[in-house]
Amino acid sequence: MASSIRVRATANGDTTEVQALIQHPMDSGFVKDSKGELIPAHFIQELKFECNGKDVFIADWGTAVSKDPYVKFSFKGARKGDDLKVSWTDNKGASDTTTAKIS
Amino acid sequence: MTTTTGPHPTRRLLLQGAASVALLGLGNLPFAPARAAANDKYPEDAFKQKNEADAIKALYGKTAEPSDKVKLDAPEIAENGGVVPISVTTTLDKVTSISFFVAENPNALAASYRIPDGTMPSVANRLKMAKTTKLTAIVEADGKLYSATKEVKVTVGGCGG
């Protein structure tokens, strides 16, 4: 199965810019389906970025993050070719991980 | 106009050989408390709070002061409350976290980002907004909280389905 995470990390000098797009329904638990029944909450709670054995960015999310979430940030200290590990876990215990090369 | 100020004799009291009280500094300074463990875990309690003030309290345990060093970028009008692009940057030093609150969502806290050393204090993301309301970004820098707010008009809500 293709990964749910698409990530692009670009190094520019000492700074690496990271953009990530994740496929996830991010159901808030407040929306009803076509039969009028509430769709239970299903959302990513924690998203973590690791580079060279160090956490560089951690997101704690609630239900108010949009469907198929997007996030962008930058950090220092990585170089082209380094690995960036991205992982998430949701409120139902599901998770996914991917590793991207910094370009 | 009547003034009744009687002359007061000035009396100088000389305290000879007064015992001076030496305040000796206590040698055992308390150790700096270890970083709050709450900062390393998913703040489940804060995400459950309904209004913004309670959520801020549950997440940080203190209140924020507005600062023009926090730049919150969001659209004036969001055509789709389900996807509102919002970003924050700051010129503050020693930033440890950035959080987003949407005042009139069912739960005010939308997202909280932990910023370790070496990561820029700048985040862009997309949030849901139930209706036209106030958006607040809080930056935690050097143990203090700084905030920026912006009113965003939502023409189609993000939680109505």
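Reply: Start with strand pairing. Strands are DSSP runs of E, at least two residues long, numbered from the N terminus. Two strands pair if DSSP finds at least two bridges between them. Here β3(A) and β4(A) run antiparallel, joined by 6 bridges. This is a predicted model: local features need pLDDT of at least 70, side-chain atom pairs count only at pLDDT 80 or more, and totals for chains, interfaces and linings use all residues. Residues are numbered from 1 along each chain as written, chains are lettered from A and ligands numbered from 1 in written order, and side-chain values use heavy atoms, without hydrogens and water.

Me: In β4(A), which residue is the bridge partner of Lys48(A)?

Reply: Ile58(A). Now look at the turn. The hairpin of β3(A) and β4(A) has 2 residues between the strands, and Asn52(A) takes a positive phi near 50° there.

Me: Which strand of chain A pairs with β3(A) over 7 bridges?

Reply: Strand β6 of chain A, residues 83–90, in the antiparallel sense. β3(A) itself covers residues 44–51.

Me: How many bridges join β4(A) to β6(B)?

Reply: 4 bridges, and the strands run antiparallel. β4(A) spans residues 54–61. Ala59(A) stands opposite Tyr113(B) in β6(B).

Me: How do I read the size of the interface?

Reply: The size of an interface is often given as the accessible area lost when the parts come together. Buried area is that loss (1.4 Å probe), summed over both parts. Chain B and chain A bury about 2,400 Å² between them, with 53% of it on carbon and sulfur atoms. Count residues too: 31 of chain B are in contact with 31 of chain A. Contact means heavy atoms within 4.5 Å.

Me: How many salt bridges are there between chain B and chain A?

Reply: 2. A salt bridge is a side-chain nitrogen of Lys or Arg within 4 Å of a carboxyl oxygen of Asp or Glu. Over all chains, the structure holds 8. Take Glu46(A) and Arg114(B): their closest N and O atoms are 3.0 Å apart. That pair crosses between chains, from strand β3 of chain A to strand β6 of chain B.

Me: How many residue pairs are in polar contact across the interface?

Reply: The rule finds 18, both residues at pLDDT 80 or more. A polar contact is a pair of N or O atoms within 3.5 Å; within protein, one must be able to donate a hydrogen and the other to accept it, and residues adjacent in sequence count only if both atoms are side-chain atoms. On the side of chain B that touches chain A, β7(B) gives the most, with 6 residues.

Conventions:
Buried area is the accessible area (1.4 Å probe) that two parts lose on being put together, summed over both.
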